[in-house]
Amino acid sequence: MPKTLFGLSGLFALTILSLGAALSMGSLEISLAEWTEILRGEETLAADIVLKLRLPRALSGFACGALLAVSGVLMQALLRNPLADPYILGVSGGASVGALCAILLGLGGLLLDVFAFGGALAALLLVFGLAHGDGSWTQTRLLLTGVMVAAGCGALVMLLITLAPEARLRGMLFWLMGDLSQTSNPWPPLLFLGVLLIAILPVAREITLLGQGMESAQTLGVDVRRLRRRVYFLAALAIAIAVTSAGAIGFVGLVVPHLTRLLTGNDQRILLPAAALLGGALLVAADTLARTLIAPEQLPVGVLTALLGVPAFLFLLSRRDSP
Amino acid sequence: MSDKTAPPLLAARQLTLRIGGHLLCRDLDMQLFPGDSLVILGRNGAGKSTLLAALAGLRAPESGEILLAGKRYAEHGARAAARQRGWLGQRRDDPFAAHVLETALTGRHPHLGRWQWESAADIARARTALAEVGLEAMAARDVRTLSGGERQRLAIATLLVQDAPLMLVDEPLAHLDMNHQIAALTLLAERVRRGAALISILHDPGLAARYHTQALLMYGDGESEIGAADELLIPEKLSRLYGHPLLKIAADGRTAFVPA
């Protein structure tokens with residue numbers, strides 16, 4: 001326990017650090033005098049940039065990173081497969097199809113979000129309906145159904161890109177790669193992050209038991225059917241909301257669960273909050289890099305997380321026999 | 001030993017099981033009281049594991065009723081049922097890293113409240129169980145580094161930590177050496193002596209006879225016989241059960257059955 005609290009407070013410090021960096025870094029240098037003005041609540045240009053541009057973006061990044069990391073942990077536990085990531089069951093594929101349709105139709109802003117979220121919900125329900133169909137609801141069946149729906153969505157995405165006029169292509173690609181520059185409202189992901197943690201932490205010990213297998217968990221006192229339904233819907237909704245606000249940012253949901261597991265072990269009571277903090281902090285840090293590395297140009301943060309995530313994951317894989 | 005006034009720990013009435021259209025058992029009745037031990041014998045595919053899974057509440061029977069301490073599984077709920085019935089399955093696979101001690105502690109799950117963490121007493125209990133199966137030196141090992149036999153003994157330790165009065169064990173001796181086979185059966189028998197009830201699936205009729213008072217023979221065609229172990233575990237019946245003549249050999253008060 002003391003070691004655990006130490007680890008969690010370390011991750012908490014990392015989160016504060018990344019948020020601090022996100023607020024202070026950027027094309028406009030902010031002096032110490034300006035910071036005191038901002039903290040006193042004075043309305044200056046610097047205050048506008050920090051509070052209206054950098055803060056919402058940092059909070060969105062934190063919430064989306066945390067949602068993706070937690071849903072990655074949940075998908076891995078649900079499918080009892082360490083290679084599962086949040087996108088494996090096609091929820092993000094559905095969101096992509098919805099979003100690209102919106103972009104193709106020339107819609108933007110809130111309507112784009114509605115389309116993306118609608119696509120994600122459709123995929124989520126389709127996978128659940130097909131996999132749950134006869135009530136067997138096994139891991140293999142869920143995994144195969146999800147992977148097939150994801151593949152179908154992938155094909156539709158290609159089709160939409162092929163049909164799209166040149167002018168819309170850039171917007172589509174940025175959306176697909178995952179990008180925080182368009183997110184203006186951090187509240188939906190932040191609020192759902194709260195809901196997710198409140199709904200999932202009480203059953204964290206039961207989720208750990210799922211790792212031993214469904215029958216074993218059932219005979220140890222877990223209502224496996226109900227638990228798996230809860231985990232599936234919460235994780236899928238978290239993914240839908242994260243992808244709607246930031247696009248399909250890659251690798252956070254796969255790498256962060258494994259990184260966190262190396263720090264804390266697989267006890268979900270610690271792993272879930274730890275993954276939320278680490279996922280949030282990493283995405284905020286990656287997004288800060290994405291908008292400052294080649295400023296004033298911005299890199300899509302999804303490209304950066306994948307570029308950092310792939311070598312980190314391969315390094316961990318070669319260093320230990322575990323992920 | 002048996003308290004016949006309380007409802008039996010486990011009762012099955014008119015149980016019929018079928019898998020993929022194949023009849024496994026028909027109208028089976030059984031009752032288990034504290035201190036009872038029943039062994040299930042039969043050929044591969046005769047339905048032993050399926051029956052045990054049904055008795056554990058993991059699959060619904062085609063017809064009939066299963067009562068755990070007088071109530072159906074649905075009435076108990078998963079957590080309360082887990083305080084009454086422990087189950088040792090055949091398959092082990094661990095996709096994620098976990099310590100041996102952590103895994104043994106999962107047996108405490110049904111006894112802990114939602115926000116409760118394992119106490120020092122729970123940890124002591126888990127350590128005792130690990131010592132009973134000879135794994136005390138491996139408490140900090142990753143379960144995925146254990147050998148098949150060590151992993152099996154860890155599963156037995158977890159069952160002991162769960163401390164349920166009814167223990168359903170499917171091939172508890174899988175992967176175990178002779179010394180560990182006897183140690184495992186002795187551990188389970190000791191629990192039975194202290195008031196638990198046991199149903200095991202075994203493949204050795206000699207060990208079955210030595211550690212159980214009752215036997216259930218499943219012939220694989222829906223026909224089955226249940227009764228006292230010393231009446232059923234005889235060469236004539238076992239030869240028919242396994243479809244191969246068996247000889248009974250006795251030495252130093254122990255019996256063994258060998259293929260003729």
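Me: What share of the 323 residues of chain A counts as buried?

Reply: Of the 323 residues in chain A, 50% count as buried, where buried requires 20 or more other C-beta atoms within 10 Å of a residue's own, exposed means 12 or fewer, partly exposed covers what lies in between, and C-beta atoms are placed from the backbone. This is a predicted model, in which local features need pLDDT of at least 70 and side-chain atom pairs count only at pLDDT 80 or more, while totals for chains, interfaces and linings use all residues. Residues are numbered from 1 along each chain as its sequence is written, and chains are lettered from A and ligands numbered from 1 in the order in which they are written.

Me: How many helices and strands does chain A have?

Reply: Chain A has 14 helices and zero strands, with helices (H or I, at least four residues) and strands (E, at least two) taken as DSSP runs and numbered from the N terminus.

Me: And what is its radius of gyration?

Reply: Chain A has a radius of gyration of 20 Å, which agrees with the value near 20 Å for a compact globule of 323 residues; the radius is taken over C-alpha atoms, and the globule rule is 2.2 Å times the number of residues to the power 0.38. Along the principal axes, the C-alpha atoms of chain A fill a box of roughly 65 × 55 × 35 Å.

Me: At what angle do α3 and α11 of chain A pack?

Reply: Helix α3 (residues 45-79) and helix α11 (residues 224-246) of chain A pack at an angle of about 150 degrees, with their axes 9 Å apart. Axes here are lines fitted to C-alpha atoms, for helices over the stretch in contact, and angles run from 0 to 180 degrees between N-to-C directions. The crossing of α3(A) with α11(A) is left-handed, a term that applies if the near helix is turned anticlockwise from the far one by less than a right angle, with right-handed used if clockwise.

Me: Which residues of α3(A) and α11(A) meet?

Reply: On the α3(A) side they include C64(A), L67(A), L68(A) and L74(A), and on the α11(A) side V231(A), Y232(A), L234(A) and I239(A) are among them; two residues are in contact if their C-beta atoms, placed from the backbone, lie within 7 Å. By class, the contact of α3(A) with α11(A) has 17 nonpolar, three polar and one charged residues, counting Ala, Val, Leu, Ile, Met, Phe, Trp, Tyr, Cys and Pro as nonpolar, Asp, Glu, Lys and Arg as charged, and the others, Gly among them, as polar.

Me: Switching topic, how many residues of chain A are in contact with chain B?

Reply: There are 21 residues of chain A in contact with 22 residues of chain B. On the chain A side, α9 (204-210) and α10 (214-219) each supply at least two residues, and the largest share, four residues, comes from α10(A). That side of chain A divides into five nonpolar, eleven polar and five charged residues.

Me: OK, chain B then: how many helices and strands?

Reply: Chain B has ten helices and eleven strands. Its radius of gyration is 18 Å, close to the 18 Å that the globule rule gives for 260 residues, so chain B is as compact as a globular protein of that length. Buried residues make up 44% of the 260 residues in chain B.

Me: What is the order of the open sheet of three strands in chain B?

Reply: The order is β2-β1-β4, with antiparallel pairing, and two strands pair if DSSP finds at least two bridges between them. The edge strands of this sheet are β2 (22-32) and β4 (63-68) of chain B, each pairing on one side only, and the twist averages 25 degrees from one strand to the next. Strand β1 (residues 10-19) is joined to β4(B) by five bridges, with L10(B) opposite L68(B). Helix α1 (residues 48-55) of chain B lies across β1, β2 and β4, running at about 135 degrees to β1(B).

Me: Why is β8 of chain B described as largely enclosed?

Reply: Five of the five residues of strand β8 (residues 214-218) are buried, so β8(B) is largely enclosed by the rest of the structure. Q214(B), L216(B) and M218(B) point one way from the strand, whereas A215(B) and L217(B) point the other way.

Me: Which strands does β8(B) pair with?

Reply: Strand β3 (residues 37-42) of chain B pairs with β8(B) in the parallel sense over five bridges, with I40(B) opposite L216(B). Five bridges also join β8(B) to strand β9 (residues 224-228), and these two run antiparallel, with A215(B) opposite G227(B). The hairpin of β8(B) and β9(B) has five residues between the strands, and G220(B) takes a positive phi near 90 degrees there.
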